[in-house]
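Subject: Structure handover

Hi,

Here is the structure for your files. My notes follow below it.

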Amino acid sequence: MTLAPAPAFAQAQAAEVDCEQVKCIALTFDDGPGKYAGTLLDTLKKYDAKATFFLEGQYVNSRPAFVKRMVAEGHEVGNHSYKHPDFTKIDAGVIRSEIKKTQDAVKKASGVEPKLLRPPYGLADIQVSDVATEFGMPMVLWTAGSHDWDTKNEEAIKKKVLEVAERDGIILMHDWVKQTVDGMPSIIKSLQAKGYRLVTVSDVIKRQNLQPGQIFPVPEGWEK
């Protein structure tokens with residue numbers, strides 16, 4: 001007797017993680033999909049780890065197959081602008097265009113639209129918040145960075161990630177940094193050995209109940 005596959009919604013329910021019960025951490029990868037994204041996805045799949053990719057529309061259009069695979073394999077995709085300008089130095093119309101073009105590119109590549117915005121450089125102001133609100137998107141930054149773009153050193157990246165790892169942490173990384181991708185098997189195994197479940201950003205921030213235009217974690221000096 002052959003059992004029919006479980007419905008998609010049942011599979012999704014089974015995959016949900018309760019970060020109140022489980023020690024969660026979210027690895028996030030900005031500026032992609034980078035050219036090493038396929039290797040990174042292979043590693044994540046091997047170790048049953050989920051991640052969140054904050055994508056640039058220009059690279060979504062040049063590497064759509066990676067985006068389709070990210071979504072198909074249960075990862076989260078977020079909006080990181082189209083060409084990575086500083087949103088605090090451009091007018092609202094340009095911000096809208098940057099977000100919209102990326103939403104459209106991700107939807108075309110994967111069939112889904114990002115629900116979260118990570119402004120380039122992690123920089124936002126009231127105008128950026130207002131535009132994010134128009135798109136119905138909260139903004140998500142990070143609790144700590146890996147400094148991978150700076151060191152480009154596999155051991156240094158691993159050391160930094162393990163140093164800043166904390167429960168419900170959101171770690172900033174980049175899938176265009178080869179040393180990050182090369183070191184990911186060791187990083188994931190080390191985190192899992194410490195009891196962490198690698199989940200999406202949405203899993204980690206679920207309890208925050210973020211509304212469109214709100215930002216998390218709240219930057220120092222942010223006007224509430």
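**Arg118 and the overall fold**

Arg118 sits in the loop between α5 (92-110) and α6 (126-134). Helices here are DSSP runs of H or I with at least four residues, strands are E runs of at least two, and both are numbered from the N terminus. This is a predicted model: local features need pLDDT of at least 70, side-chain atom pairs count only at pLDDT 80 or more, and totals for chains, interfaces and linings use all residues. Residues are numbered from 1 along each chain as its sequence is written, and side-chain values use heavy atoms, with hydrogens and water left out.

Arg118 is buried, at 0% relative accessible area (buried means under 20%, with a 1.4 Å probe and protein chains only). Its side chain reaches the backbone oxygen of Val140 at 3.1 Å. The protein chain has ten helices and eight strands. Its radius of gyration, taken over C-alpha atoms, is 17 Å, close to the 17 Å that the globule rule (2.2 Å times the number of residues to the power 0.38) gives for 224 residues, so the chain is as compact as a globular protein of that length. The C-alpha trace spans about 55 × 45 × 35 Å along its principal axes. Buried residues make up 48% of the 224. Of the contacts with a separation of 6 or more, 77% join residues 24 or more positions apart.

Best wishes

Technical notes. Buried means under 20% relative accessible area, exposed over 50%, partly exposed in between (1.4 Å probe, protein chains only). Contact means heavy atoms within 4.5 Å. A polar contact is a pair of N or O atoms within 3.5 Å; within protein, one must be able to donate a hydrogen and the other to accept it, and residues adjacent in sequence count only if both atoms are side-chain atoms.
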